[in-house]
Every structure is written in structure tokens, then in C-alpha cells.
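Subject: Structure handover

Hello,

Here is the structure I promised to pass on. Please open it first, then read my notes below.

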Amino acid sequence: LQITDIEDVQNATLTPFNLTFYEDRTPPRVVDSSIQPNGTFTLSGLAQDVTETITFSEPMNASNLDNSDFSLHGASLNLNYAPASAGYDGTGTILTLNYTGLPEDDYTLTLLSGDGRFEDTAQPNGWNLDGELTGTFPSGDGVEGGDFVLNFRLDVGVVPFPTPLTPEAPLGSLI
């Protein structure tokens, strides 16, 4: 919006007034993930590096991202893992999480919705992530709020036994 031909009370022309409006009525959603829900990664080796990219429906507030905004939990070993790195691309719509040395396990990746966590850039406070995943993308139920939870399995495939086995004679005889 631009307002021109503005004059003050002495009929002096003033600088045109410019105003930009942006109307955002929808909370952000997850529209894609490099790891599919309940998917299995099969890799070789005892521990693996995993890169997860998550695509959002609109630019996210990148300035408030830190490791308390998401978690990666391995169920079998009951361990939490921090990423080696995490960050958005230049558009703010793609989040990349890099994990190193993950063992074989069933994992749950959670992106937390809520003020100061995953939210878009709408002013003044940003819409919280609409993250509920029902098995297909996009995430959400159309209402602001709701964590994005992604379950997947890391299968390291067949790996060699770490030490050579030594043959031994059987105990006793078979009758």
C-alpha cells in the first residue's frame, strides 16, 4: 500500500507513505521428510551417520532454533542423541539435522511445537507448528500446536563379527 500526495497543514508535500501487509492465517506444517514415517534405513557398519531433512510449508523462525527444540530417542538402548549440526536453508523452509555414529535401533524424532520452538515468521508472535503426523504428509490437523513425531528404524545390515572365532573340539561324545 502506498499513500502519495500527502500534505501537511501548511500544504507542504510529504514523503509518500509505504506499508506492506502480509496476512498469514495458517500455521506451518511439515510437508516432506527425507526419512519416511515408520521407514527403515539399511546401512552397512556398526554405527552410521544419518542426515534428516524436513521441509515445511512456509518459512520458519530460524533465529530461535536450538537443540532443545527437537529430540532423537533410541528405544532399544533408551538413549537420546544430539545432532552434530542443525540448521535451516536460506529460505527457512528446509531443516537439516545431521547425526553421527548412530547405532542400530528404533528411533523417534520429535520436533516440539510451541512458543519459542518450531514456529513460522508471522508477526508479532509466529504461528506454532501444526505437527501432528497421521502417517501421510502434510502434518497437522489444521489447528496451531502439536508436535511432529517421526518413527523410523536404523538397520545396519550384516556386519562381520568383530573378533575371529577359534574352533574348539566338542565336549564328550555323542551316543
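How many cavities of 30 Å³ or more does the structure hold? It holds 1. Please keep in mind that this is a predicted model.

**The cavity**

The largest cavity has a volume of about 30 Å³. Its lining consists of Ile35, Val50, Glu52, Leu72, Tyr99, Leu109 and Phe152. Sorted by class, that lining has 6 nonpolar residues, no polar ones and 1 charged one.

**Overall make-up**

The protein has 11 strands and 0 helices. From the N terminus on, the order of elements reads β-β-β-β-β-β-β-β-β-β-β. Of the 175 residues in the protein, 30% are buried. Take the contacts between residues at least 6 apart in sequence: 64% of them join residues at least 24 apart.

**The core**

The largest nonpolar core has 23 residues. Those with the most contacts inside it are Phe56, Leu72, Tyr99, Leu102, Leu109, Leu111 and Phe118. At least two residues of this core come from each of strand E5 (47-56), strand E6 (70-74), strand E9 (94-103), strand E10 (105-111) and strand E11 (148-155). Leu72, Tyr99 and Leu109 are also among the residues that line the largest cavity.

**Strand E10 and its partners**

E10 is mostly covered, with 5 of its 7 residues buried. E6 and E10 run antiparallel and are joined by 5 bridges. Phe70 has Leu111 in E10 as its bridge partner. E10 also pairs with E11, again in the antiparallel sense, over 7 bridges. Here Leu109 has Leu150 in E11 as its bridge partner.

Is Thr110 buried or exposed? Its relative accessible area is 13%, under the 20% cut-off, so Thr110 counts as buried. Leaving aside neighbours within four places in sequence, Thr110 is in contact with Asp69, Phe70, Ser71, Asp147, Phe148 and Val149.

**Leu154 in strand E11**

Leu154 is found in E11. It counts as buried because its relative accessibility is 0%. Which residues does Leu154 touch, not counting those up to four places away in sequence? They are Phe41, Leu43, Gln48, Val50, Leu102, Pro103, Glu104, Asp105 and Tyr107. Leu154 and Thr40 are 114 residues apart in sequence. In space they are 5.8 Å apart, C-alpha to C-alpha.

**The loop between E10 and E11**

Gly116 lies in this loop. Its relative accessible area is 36%, which means that Gly116 is partly exposed. Gly116 touches Asn64 and Asp69, not counting residues up to four places away in sequence. Asp69 is also one of the contacts of Thr110. Between Gly116 and Asp66 there are 50 residues of separation in sequence and 9.8 Å in space, C-alpha to C-alpha.

Pro138 lies in the loop between E10 and E11 as well. A cis peptide bond joins Phe137 and Pro138, with omega about 5°.

**The E8 and E9 hairpin**

Strand E8 (residues 85-88) and E9 run antiparallel, joined by 4 bridges. Gly87 stands opposite Thr96 in E9. The hairpin has 5 residues between the strands. There, Gly92 takes a positive phi near 75°.

Some background first. Most residues other than glycine have a negative phi, and most peptide bonds are trans.

Asn38 is not a glycine, yet its phi is positive, at about 60°. It is found in the loop between strand E3 (30-33) and strand E4 (39-42). Is Asn38 buried or exposed? Its relative accessibility is 62%, so Asn38 counts as exposed.

Asn78 also has a positive phi, of about 50°, although it is not a glycine. Its place is in the loop between E6 and strand E7 (79-81). Asn78 is exposed because its relative accessible area is 55%, over the 50% cut-off.

**Where to start**

I would begin with Leu109. It lines the largest cavity. Then go to the cis bond between Phe137 and Pro138.

Best wishes

Definitions and conventions:
Residues are numbered from 1 along each chain as its sequence is written. This is a predicted model: local features need pLDDT of at least 70, side-chain atom pairs count only at pLDDT 80 or more; totals for chains, interfaces and linings use all residues. Side-chain values use heavy atoms; hydrogens and water are left out. On a 1 Å grid over the protein atoms alone, a cavity is a set of points where a 1.4 Å probe fits but cannot get out, and a pocket is an open set with protein on both sides within 12 Å along at least five of seven lines; lining residues have an atom within 4 Å of a point. Grid points are joined across faces, edges and corners, and a volume is the space filled by probe spheres set on the points. Ala, Val, Leu, Ile, Met, Phe, Trp, Tyr, Cys and Pro count as nonpolar, Asp, Glu, Lys and Arg as charged, and the others, Gly among them, as polar. A nonpolar core is a set of buried Ala, Val, Leu, Ile, Met, Phe, Trp, Tyr and Cys residues joined through side-chain atoms within 4.5 Å. Buried means under 20% relative accessible area, exposed over 50%, partly exposed in between (1.4 Å probe, protein chains only). Two strands pair if DSSP finds at least two bridges between them. Contact means heavy atoms within 4.5 Å.
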